[in-house]
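Let's take a walk through this one together. Keep the sequence and the 3D view side by side as you read.

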Amino acid sequence: MSAVPQREPMNAAGSANALELRGVSRLFGALAALSDVTLSVRPGERRAVLGSNGAGKTTLFNCITGDFGPSSGVIRFFGEDVTAFPPQERIRRGLRRTYQISSLFAGLSVIDNVYLACRGVSRNRFSLLRPRRDDALTYAAESLVDAVHLTAVKDRLVGELAYGQQRQLEIALALSGAPRFILFDEPAAGLSPTERRDLVHILTGLPGHIGYIIIEHDMDVALRVVESVTMMHNGRIFKEGRPEEIESDSEVQELYLGGGHG
Amino acid sequence: MAVIDTRTTGERVPASEGLADWVARRGVAFWIVSTLLLVMPLLASPFWLGQIFAYSMILGLIALSLMFLAGYGGVVSLVQMTVAALAGYLVAILGDSAITQISLKWPWWAVVPVAVFIAAAFGTLSGALSVRTEGIYTIMITLAIASAFYYLTLQNYSIFNGFSGFNGIVPPVFLGIDWGGTVAFYYLCLGCAALAYGVVIYVSRAPFGLALQGTRDNPRRMAALGFDVVAHRVAAYAFASVIAGFAGVLLVWFQRQISPGTAGVGPVVDMLIIAVVGGLSRPIGPFIGALIYVLLRTFSLDVLEGLGLDGKRYQLVIGLGFLIIVLFSPNGLIGIWERLRERYRRNSDARASAMRVGGGAP
């Protein structure tokens, strides 16, 4: 279990975890979508969060990004307590996420979507001046579009794109700026086998210092791109381990992989 | 807002370009309309210049500020007419009018910036109050602010001179030109309208405008990209209110008087009608809507009486026109124009390919 430093108090300064959750809970009325989740992820670590529908995976992401705050508990990002921060403050510190249902700007072109993502973490967000042709962010946006193979459609409106292309654009948005940690919410959902291969390629090809958490139902994708796995059930963390340990765990198999809805 | 499709695209063009590209990229229609507007004083009577075209451009400017918020920001604000009216009142209060016991008689070059600044500050504050709400609630809050201002002007005599308001306001004379003259005032309005139109188009492709369109399409994602959505919307109110403020100054110079009726709920809703009829998807829409509105207002009375109907029913004609346009095209007249052009293009494409297939005569 040494590969997964879990449920340990934060170490001395200088070795802060990328992400540190202590006793995070989230209530919706009487329903506890998350209860007492404690989780640490090292910088550069890549982890899958697995669990059946309603296990609290996406709620976990929403609490981490601040889309809505936790009801209780503390969230630290690279040692800094971000629990009370609005989403944009967390994003500017290097946190990124993708959405399970593509969450894009349908009325804008592909390049404008990525440009906004680059602009959001830079200065002059309120600039009334158009960027010059040699603008660094325009260049950054174009290379990101290229990285997710969308250059051919970069001037098309996002609302007109095919589903798979929208998913690729989702990832481009998350890679903009200088991400330190990314949350991928079911990036492979609805993708064709070829697109899944591309996705695995993109994820494994990310620079080593960028860690991520991935929620994914497709085990072929999830277990190939991570070094550790957290299992969730009914809003609680119920097992952590390396991919192969989780795959062979009988309890996990019963509950999640083959257990059905019994 | 589900009722009004406010989705807008700025023209998708390279980030920067030379002058020659710029000239070439404007369509034929752009140059025809520009030339017509420039030589209009040679073609049109003073009545048409002033009462129709200058008035349309002033109303178009106010509706443009609404279109900027609604089309790019997805925020339907009814407070823009009030911002314009406040600027107009300030011109009368700070400058000169027939109500000498209130007017401060400042020179025009001091009055205009102060009036626009205060009006813009008022618009920004209204925005800050309403910006955390969405759709129908934004409309309700801005409508409430607009009505409150109307009743304030109606009941306050020490500053707003109550029911009768101010008259005897005259446009200034500077550079040796009397800007109250019909032709000079026409060019003043044309200049302001063209400038505001150009600035809105320019800003729609600048980071601020793009980000505003982002908050319209998906505010939650904007926050997840590092943008402060609320601050962005408030800034949009400030930008739009500057346009409305200048339009208010022109309006009071045009009317030469201002009274609570200018800020009433009727004109406030009329602005929304103008913007929606013209089309919220492009900055030209509000000007087209304003021209239609002014034409209907001016001539429907004669037409109705010519048909033997009660001339006072002109509002009915405007209402019916509004209903028909919105029913047929949620994107206003601009939407109809775009659909016709698209159909024409498709037809000519089809003809061209039919000719290729048939190997038509050379």
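Helices and strands here are DSSP runs, numbered from the N terminus: H or I over at least four residues makes a helix, and E over at least two makes a strand. With that in hand, find Asn161(B), which sits in the loop between α6 (135-155) and β1 (166-167) of chain B. We'll come back to this residue later.

First, some housekeeping. This is a predicted model, in which local features need a pLDDT of at least 70 and side-chain atom pairs count only at pLDDT 80 or more, while totals for chains, interfaces and linings use all residues. Residues are numbered from 1 along each chain as its sequence is written, and chains are lettered from A, with ligands numbered from 1, in the order in which they are written.

How confident is the predictor? The model scores ipTM 0.71 and pTM 0.79. As for pLDDT (the predictor's confidence in each residue, from 0 to 100), chain A averages 82, and 91% of the residues score at least 70. A contact means that the C-beta atoms of two residues, placed from the backbone, lie within 7 Å. Chain B has a mean pLDDT of 83, with 91% of its residues at 70 or more. Its residues 1-15 are below 50, and that stretch has 34 contacts in the model beyond near neighbours in sequence. Residues 358-362 of chain B are also below 50, with 1 contact of that kind.

Now to the overall build of chain B. Its secondary structure comes to 14 helices and 4 strands. The C-alpha atoms fill a box of roughly 80 × 55 × 45 Å along the principal axes. A compact globule of 362 residues would have a radius of gyration near 21 Å, and chain B, at 22 Å, agrees with that; the radius is taken over C-alpha atoms, and the globule rule is 2.2 Å times the number of residues to the power 0.38. Of the contacts in chain B with a separation of 6 or more, 74% link residues 24 or more positions apart. Buried residues make up 48% of the chain. A residue is buried if 20 or more other C-beta atoms lie within 10 Å of its own, exposed if 12 or fewer, and partly exposed in between, with C-beta atoms placed from the backbone.

Where do the two chains meet? 27 residues of chain B are in contact with 37 residues of chain A. On the chain B side, α7 (182-204), α8 (207-217) and α9 (219-224) each supply at least two residues, and α8(B) gives the largest share, 7 residues. That side of chain B divides into 13 nonpolar, 7 polar and 7 charged residues. Nonpolar here covers Ala, Val, Leu, Ile, Met, Phe, Trp, Tyr, Cys and Pro; charged covers Asp, Glu, Lys and Arg; the others, Gly among them, count as polar.

Over in chain A, look for an open sheet of 4 strands in the order β2-β1-β4-β5, with antiparallel pairing. Strands pair if DSSP finds at least two bridges between them. The edges are β2 (31-41) and β5 (80-81) of chain A, each pairing on one side only. Inside, β1 (residues 19-28) and β4 (residues 72-77) of chain A are joined antiparallel over 5 bridges, with Arg22(A) partnered by Val74(A).

Next, turn to β3 (residues 46-50) of chain A, where 5 of 5 residues are buried. Arg46(A), Ala48(A) and Leu50(A) point one way, Arg47(A) and Val49(A) the other. β3(A) runs parallel to β8 (residues 211-215) of chain A over 4 bridges, with Val49(A) opposite Ile215(A).

Finally, back to the loops. Most residues other than glycine have a negative phi. Asn161(B), though, has a positive phi of about 55 degrees, and Asn234(A) has one of about 50 degrees. Asn234(A) is in the loop between β9 and β10 (236-241) of chain A. Which of them is buried, and which partly exposed? Asn161(B) is buried, because 23 other C-beta atoms lie within 10 Å, whereas Asn234(A) is partly exposed, with 14.
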